[in-house]
Amino acid sequence: LARVRASETHDTHAGTRPDSREEQSKRARRASRFEASGLSLEERADLARADRWAAAPQQPGCQPGGELGGDIELDFTVAGTSTTVEKKYLRLTSAPDPRTVRPEPLLKQAIDRVRGRLIEFGDERGQEQYIYLWEQMKSVRQDLTVQRIRNDFTVGVYEMHARICLEYDDQAELKQCQAQLQQLYEEGLGSREGQREFLAYSLLYNVGKQADNNVADLMKDLSADDRSDKYISHALQVRAAAQLGNYCAFFRLYSDAPGHSGYVMDTFIGRERFAALRRICRAYQPSVPLAAVSDALAFDDAAECGEWAEDHGATLAEERSYLDCKASKGQLVEHSIAAKREEERKAAERRAEATGGLKGWS
C-alpha cells in the first residue's frame with residue numbers, strides 16, 4: 001500500500017505533515033486511488049454525469065482547449081454576472097452566457113467552499129468525493145478562462161487542483177494543470193516558492209520515468225537558491241539515491257517527503273522496493289528479520305511488508321517473522337503474482353464466453 005501524505009488543506013503552498021496516527025488512518029483512502037477499472041478518473045466522472053452533458057454542436061468562437069481536452073479557449077472575453085457560488089461543470093459547446101459565469105470575487109468564495117468540503121471529507125475521499133472536487137475545480141477553471149482572468153489567484157487555483165490530482169492519481173488532469181501552470185509562471189505570475197514546489201514534482205516525475213535527459217534539462221538552470229529550496233533539495237537527493245541504488249537513503253527520503261512529493265514518489269515506489277528486495281536477498285543470507293525489511297522499505301508494519309514480498313515470490317520463515325533470503329533469491333518476480341492471476345482468470349472467462357458464443361451459432 002502507498003504511504004499516506006498530508007493534504008495540506010490545499011493552500012497555494014504546502015503546510016505541515018500529519019502525525020503517524022493520522023497517516024495510518026488514511027491508508028484505505030490512499031489505497032483506493034489505484035483502481036483497476038481501466039478508466040481514468042475523468043472518464044468515470046464523465047460517466048457519472050452523462051445525463052448532464054450538453055450535446056449541442058460546436059459554435060463559432062468556441063474552441064476546444066488542446067490535445068489534452070483542457071480548458072476552453074474563446075476569441076472574445078466574457079464578463080460574468082452570476083451570483084451562484086457553486087455550480088456544476090458542463091463542457092462548453094456554444095458561447096457562454098454571462099449570467100452563468102461567476103466573477104472573480106465569487107470564484108474566490110467557491111474555492112473557499114471547496115477547501116471547506118475537503119476538510120469535511122476527512123478520511124472519506126473515494127470516487128464520489130473526487131467527482132465533486134473535479135467538477136468544482138473544472139468549473140472554476142472554466143469561468144477563469146472565459147473571462148481571461150490570469151493573475152496570482154488563477155495560479156493558486158491550478159496549483160490547488162494539481163495537488164488534488166496528485167492525491168487522487170489523476171494523471172490526465174494533472175498534465176492539464178501543469179501545462180497551464182508553466183504558461184502562468186512564464187508570464188511572471190505566482191510565487192517563486194510555488195514554482196519551485198512544482199519544479200520539484202517535475203524532477204521527481206522524471207526520476208520515476210528514468211528520463212535522465214529531462215532531469216538534466218530541468219537541473220541545468222537551477223540557481224543556488226533553487227537548490228537550497230526544501231522541495232528541490234529533496235528531489236535532487238531522491239535522484240542521487242535512486243541512481244546510486246541507495247535504498248536506505250531513498251526510503252528515508254520517501255518517509256520524510258515534503259508537501260505532495262510523496263504522492264509523486266508513489267508512482268515508482270514499487271519498482272524501487274523490488275530492486276531493494278533483490279539486494280537484501282543477496283546480502284543477508286540465509287535470512288533477515290521481516291521487521292527490519294519493513295522498516296528499510298518504509299512499510300507501515302511487518303505484516304504489510306510480508307504480504308507484498310510474498311506477492312513478488314519471496315518466502316517467509318519462522319512463523320512469518322523472517323524473510324528467507326536464500327530461498328527467495330532465485331524466485332523473485334517484479335510483477336504482482338496476485339494481479340497476474342487475476343488477469344489470467346479474466347482472460348479465461350473471456351475465452352469461455354467467446355467459445356460459448358461460437359457454439360450458439362453452430
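User: What makes Arg278, Arg279, Arg282, Lys326 and Lys329 a patch of positive charge on the surface?

Analyst: Those five names gather there as a positive patch. Lys and Arg count as positive, and a patch takes residues with over 30% relative accessible area and no salt bridge, like charges being joined within 9 Å. A salt bridge would be a side-chain nitrogen of Lys or Arg within 4 Å of a carboxyl oxygen of Asp or Glu. By the way, this is a predicted model, where local features need pLDDT of at least 70 and side-chain atom pairs count only at pLDDT 80 or more. Residues are numbered from 1 along each chain, and side-chain values use heavy atoms, without hydrogens and water.

User: Why is arginine 278 called partly exposed?

Analyst: Its relative accessibility is 44%. Buried means under 20%, exposed over 50%, and partly exposed in between (1.4 Å probe, protein chains only), so arginine 278 counts as partly exposed. Arginine 278 sits in helix H14, and that helix, residues 269-283, gives the patch its largest share, three residues.

User: How do you know that tyrosine 201 and tyrosine 231 are an edge-to-face pair?

Analyst: Rings pair if their centres lie within 6.5 Å; planes under 30 degrees apart are stacked, over 60 edge-to-face, the rest tilted. Here the centres are 6.2 Å apart and the planes at 85°, so edge-to-face it is. The pair links helix H8 with helix H11, 30 residues apart.

User: And why does tyrosine 201 count as buried?

Analyst: Tyrosine 201 has a relative accessible area of 3%, so it's buried.

How values were computed:
Patches are made of residues with over 30% relative accessible area and no salt bridge: like charges are joined within 9 Å, nonpolar side chains (Val, Leu, Ile, Met, Phe, Trp, Tyr) within 5 Å. Accessible areas come from the Shrake-Rupley method with a 1.4 Å probe; for residues, only the protein chains shown count as cover. The place of a charge is taken as NZ of Lys, CZ of Arg, CG of Asp or CD of Glu. Helices (H or I, at least four residues) and strands (E, at least two) are DSSP runs, numbered from the N terminus. Rings of Phe, Tyr and Trp (its six-membered ring) pair if their centres lie within 6.5 Å; planes under 30 degrees apart count as stacked, over 60 as edge-to-face and the rest as tilted.
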